[in-house]
Amino acid sequence: MQFYLDGYEPGDPFVKHPHPSLAERGAELPDTADVVIIGCGPAGLVLAAQLAEFPEIRTVIVDRRDGPLEVGQADGVACRTVEMFEAFGLADQLVHEGYQVNEVTFWRPDPQDTSSIVRTGRIDDVEEGLSEMPHMIVNQARMLAYLRDHMRRSATRAEPFYGLHATDVRVDPDTSAEHPVEVTLQHVEGFEPTGKTSTIRARYVVGCDGSRSGTREAIGRRLEGDATNQSWGVLDVLAVTDFPDIRLKSAIHSEQGSILIIPREGGYLVRLYIELDNDRDAEMLRNRTATPEKLAAVANRILHPYSIDVKHVGWWAVYEIGQRLCDRFDDVPDDESRLPRAFIAGDACHTHSAKAGQGMNVSMADAWNLGWKLGTVLRGTSRPEVLRTYSAERQKVAQQLIDFDREFAAMFSARPDGDADPERFQHYFREQGRFTAGVSVRYEPSALTARPVHQHLAEGFPIGMRFHSAPVVRLADAKPMHLGHAARADGAWRLYAFADSAHPTEPGSRLRALADFLVSPESPIARFTPSGADPDSVIDVRSVLQQGHRAVSVDDLPPVLLPRKGKFGLVDYEKAFCPDPNADIFDLRGLDREQGCLVVVRPDQYVANVLPLDAHDELVEFFRGVLVEA
């Protein structure tokens, strides 16, 4: 990560200078805001962390709890989520602290003695080459702490306001008003009203307030779906056991039920997802008398002939599986007569089981999708119409999740019998690995996602899917790194120019011709970058050459790859890369070596377009539908 652009200063370089407006804002709850976020769960804090990168925007985050969550419910962190945290500069801490899921074991009844269980399979948890990031297990409360720390280091010094329960959200029909949204907040202590209320008027509101969302009700949306009549207990425990795979993710099916074992961070803690039987555990379910001791007894029943002796319980719960979904994630009427002003994200618009580990991950992805759109619209660089794409894109993803979760939950709970194929669930688990890793999302064509006219130039970067990073070597300092890690969650678009086969100094170089265009008055950089802003603040150009890093020099680069930035006009040397000699990105991602190509990537790392290097007019036309003329 770069720093010292505006001068050397001692101290922590990752703590940004406070924005000048902070002196005027104060620490009290304001009367007006640009965005009000209701809820400090995973969706709310990812959204807040993204908007913290826009310090000129006034964002208010409220939560009805008295303080930060101490013990989290979710714990699975998909590969795609770790990629997202890398963009916030938080992946190293996450990976260092968490438990890395490497393999999964499968257990079924022993054919020789069906009252016992035996291991029937063992596979890699993540498909080779799927992501440079691992599948991690980290307590949700710690994930939220990382995000709050990021917000505190930002120029906004953002902090949530706790003890505030949103009781009403109203959107003025006259949405031309400067602050058309009114949020009424009830002050609470320990969830009990104090008698005091406050009101904030905002430009936008986002309800990240869970499955019982008041924001959802206020904008007239409903969760539609059904319960499955399946109940599960969850235990986070420190325990002594003779079960040999206690430090491996394990899916266990026995004649007595099913358990999913998830080892936790720290080396000792383990999570047990325990299926509760509607007959054998009926009394516990009917009378709601579940206790950690009763859940542990069910776990021992299922694990036979192995046993588990619980020494300490960190957290526990009982929940019923249900798949529910809203038809829209914003307040736009069916006739789409106006642009959205209120949004919902995470559990407020989709709920499902916890066993596939998707809830927190999909909720965070909702928030990142919305966050950069809100930030750039409020900053004035994106057209307000891009806000329509949030509901369109994320509702389809949530529908896919609901469909997957319904099938996954049914298959996980299926009773083993003599005719059952013990490899069926294992095969299904492997086949669905891309979905559970979070990398199978593909957005349909829209203003933000072009049709795949030139996809053949970059087969490994499918339009609409996340930009799949690959190893490269940075030219200026010969640093081996991942190309995708050069991008931050700063709201900027990326143009990755993969060079043609010619040397960049040759007259016939397509890359050189593109570079000349990008510094011309007709280029999208000139047309859509506000006056006085750094040249890469809206559209960030980076290039990968075909030559090795010792066969080309910084002197060979065109000016667009050596932009001058900051008050001193310093040169940014980190825009050009070369192939890694051990893993050539041109081969890994199926890039056309003769012609090269231009890969346009959205601020949330999804591929928006693939173009020939000389498709200058197409490039400008694409951005005209998204960005605001400067």
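**Close-up views of a predicted model**

A search of the whole structure, which is a predicted model, finds five cavities of 30 Å³ or more. Residues are numbered from 1 along each chain as its sequence is written, and side-chain values use heavy atoms, with hydrogens and water left out. Local features need pLDDT of at least 70 and side-chain atom pairs count only at pLDDT 80 or more, while totals for chains, interfaces and linings use all residues.

**View 1. The largest cavity, with a volume of about 250 Å³.** On a 1 Å grid over the protein atoms alone, a cavity is a set of points where a 1.4 Å probe fits but cannot get out, and lining residues have an atom within 4 Å of a point. Grid points are joined across faces, edges and corners, and the volume is the space filled by probe spheres set on the points. The lining of the largest cavity holds 20 residues, and Arg80, Asn361, Ala365, Gly438 and Tyr606 are those nearest its centre. At least two lining residues come from each of helix H3 (79-87), helix H9 (359-379) and helix H10 (388-413). Helices (H or I, at least four residues) and strands (E, at least two) are DSSP runs, numbered from the N terminus. With six residues, H9 gives the most to this lining. By class, the lining of the largest cavity has eleven nonpolar, six polar and three charged residues. Ala, Val, Leu, Ile, Met, Phe, Trp, Tyr, Cys and Pro count as nonpolar, Asp, Glu, Lys and Arg as charged, and the others, Gly among them, as polar.

**View 2. The second largest cavity, with about 140 Å³ of space.** Its lining has 16 residues, of which Phe467, Gly484, His485, Ala487 and Gln605 lie nearest the centre. H3 and strand S21 (493-498) are the elements that give two or more residues to this lining. H3 gives the most, with three residues. The lining of the second largest cavity divides into five nonpolar, four polar and seven charged residues.

**View 3. Gln605, a residue with positive phi in the loop between strand S26 (597-601) and strand S27 (607-611).** The phi of Gln605 is about 75°, although this residue is not a glycine. Most residues other than glycine have a negative phi. Gln605 has a relative accessible area of 11% and is buried. Buried means under 20% relative accessible area, exposed over 50%, and partly exposed in between (1.4 Å probe, protein chains only). Gln605 is also one of the residues nearest the centre of the second largest cavity.

**View 4. Phe191, another non-glycine residue with positive phi.** Its phi is about 70°. Phe191 lies in the loop between strand S10 (181-189) and strand S11 (192-207). Phe191 counts as partly exposed, at 47% relative accessibility.

**View 5. The cis peptide bond from His304 to Pro305.** Omega of this bond is near 15°. Most peptide bonds are trans. Pro305 is in the loop between helix H8 (292-303) and strand S16 (308-325).

View 6. The structure holds 20 aromatic pairs. Rings of Phe, Tyr and Trp (its six-membered ring) pair if their centres lie within 6.5 Å; planes under 30 degrees apart count as stacked, over 60 as edge-to-face and the rest as tilted. The rings of Trp107 and Phe243 form a tilted pair, because their centres are 4.8 Å apart and their planes stand at 50°. Trp107 and Phe243 are both buried. The rings of Trp107 and Tyr306 have centres 5.7 Å apart and planes at 85°, so this pair is edge-to-face. Tyr306 lies in the loop between H8 and S16, so the pair ties together parts that are 199 residues apart in sequence. Relative accessibility is 3% for Trp107, whereas Tyr306 is partly exposed at 22%.

**View 7. An open sheet of three strands in the order S3-S7-S4.** The pairing is antiparallel. Strand S3 (76-77) and strand S4 (99-101) stand at the edges with a single partner strand each, so one side of each has no neighbour in the sheet. Two strands pair if DSSP finds at least two bridges between them. S3 and strand S7 (residues 135-137) are joined by two bridges, and Val77 has Met136 in S7 as its bridge partner.

Technical notes:
1 Å grid on protein atoms, 1.4 Å probe; cavity = no way out; pocket = protein on both sides within 12 Å on 5 of 7 lines; lining within 4 Å.
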